[in-house]
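Here is a short report on aromatic contacts and nonpolar cores. Please look over the sequence and the model first.

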Amino acid sequence: MFTRRHFLNTAAATAGLAAASPAAAQYLVPESQLPRVEQINRDYAPGEIHVEPQSFKLYWMLGPGLALTYSVGIGRANLYESGDFRINAKKEWPRWTPTPEMIERDPAAYKPFEDGMEGGIDNPLGARALYLFQGSRDTYLRIHGTNAPRTIGSAVSNGCVRLVNSHISDLYNRVPLGTRAVLH
């Protein structure tokens with residue numbers, strides 16, 4: 001079982017996570033959203049990621065019926081995309097560029113960033129990102145950190161799955177390239 005102290009220490013010990021945006025730095029993850037190892041009644045294979053949007057949970061499967069469970073934020077209405085993916089890229093403090101669809105939906109929010117934003121504490125992708133591919137095609141969907149930790153447990157993103165930075169850093173260190181990720 002993971003404790004609040006474990007993840008606070010993990011965050012402090014993870015390179016680059018000591019610096020945090022003012023909003024994120026003052027956020028304490030609720031006990032109910034801390035990662036935990038638990039038995040789940042699912043037929044998911046060990047070594048896979050499964051995201052269940054209705055419960056805002058991501059399962060990193062450790063063994064048959066045994067998962068490390070993380071709380072997540074997901075895509076808002078009509079933007080969550082279920083599917084079967086592979087993690088074919090991983091990046092620390094990733095660069096972010098809004099997609100053309102994002103700019104079209106909300107030009108005031110996204111057009112200023114159409115040339116991209118370097119990784120860092122204010123970047124919406126947060127500390128780490130796992131890039132979801134179908135075959136050799138980058139889907140532009142990510143499992144990533146966030147500069148807005150209060151959004152965990154809600155449907156607010158443009159389609160990606162988000163975790164608080166200390167949790168995505170923990171997951172990032174566990175997940176090898178080529179891992180299957182299923183968004184249900």
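This is a predicted model: local features need pLDDT of at least 70, side-chain atom pairs count only at pLDDT 80 or more; totals for chains, interfaces and linings use all residues.

Residues are numbered from 1 along each chain as its sequence is written, and side-chain values use heavy atoms, with hydrogens and water left out.

**Aromatic pairs**

The structure holds 2 aromatic pairs. Rings of Phe, Tyr and Trp (its six-membered ring) pair if their centres lie within 6.5 Å; planes under 30 degrees apart count as stacked, over 60 as edge-to-face and the rest as tilted. W96 and Y110 are edge-to-face because their planes stand at 65 degrees, with ring centres 6.2 Å apart. This pair links distant parts of the chain, 14 residues apart: W96 is in the loop between β6 (83–92) and α3 (100–105), and Y110 is in helix α4 (residues 107–110). Helices (H or I, at least four residues) and strands (E, at least two) are DSSP runs, numbered from the N terminus.

W96 also pairs with F113, in a tilted arrangement: 5.7 Å centre to centre, 50 degrees between the planes. F113 sits in the loop between α4 and β7 (128–134), 17 residues from W96. W96, Y110 and F113 form one aromatic cluster.

| Residue | Relative accessible area | Class |
|---|---|---|
| W96 | 10% | buried |
| Y110 | 16% | buried |
| F113 | 28% | partly exposed |

**Charges over a ring**

The ring of Y172 has the charged end of K90 over it, 4.5 Å from its centre. The charged end of R128 also sits over the Y172 ring, 5.7 Å from its centre. The criterion is NZ of Lys or CZ of Arg within 6 Å of the ring centre and within 35 degrees of the ring normal.

**Nonpolar cores**

A nonpolar core is a set of buried Ala, Val, Leu, Ile, Met, Phe, Trp, Tyr and Cys residues joined through side-chain atoms within 4.5 Å. The largest has 23 residues; I49, L58, I143, V161, L163 and L171 touch the most other members. Elements giving two or more residues include β2 (49–52), β3 (57–63) and β8 (137–144). Helix α5 gives the most, with 3 residues.

Another core, of 6 residues, lies apart from it, with W96, M102, Y110 and L125 among them.

Technical notes:
Buried means under 20% relative accessible area, exposed over 50%, partly exposed in between (1.4 Å probe, protein chains only).
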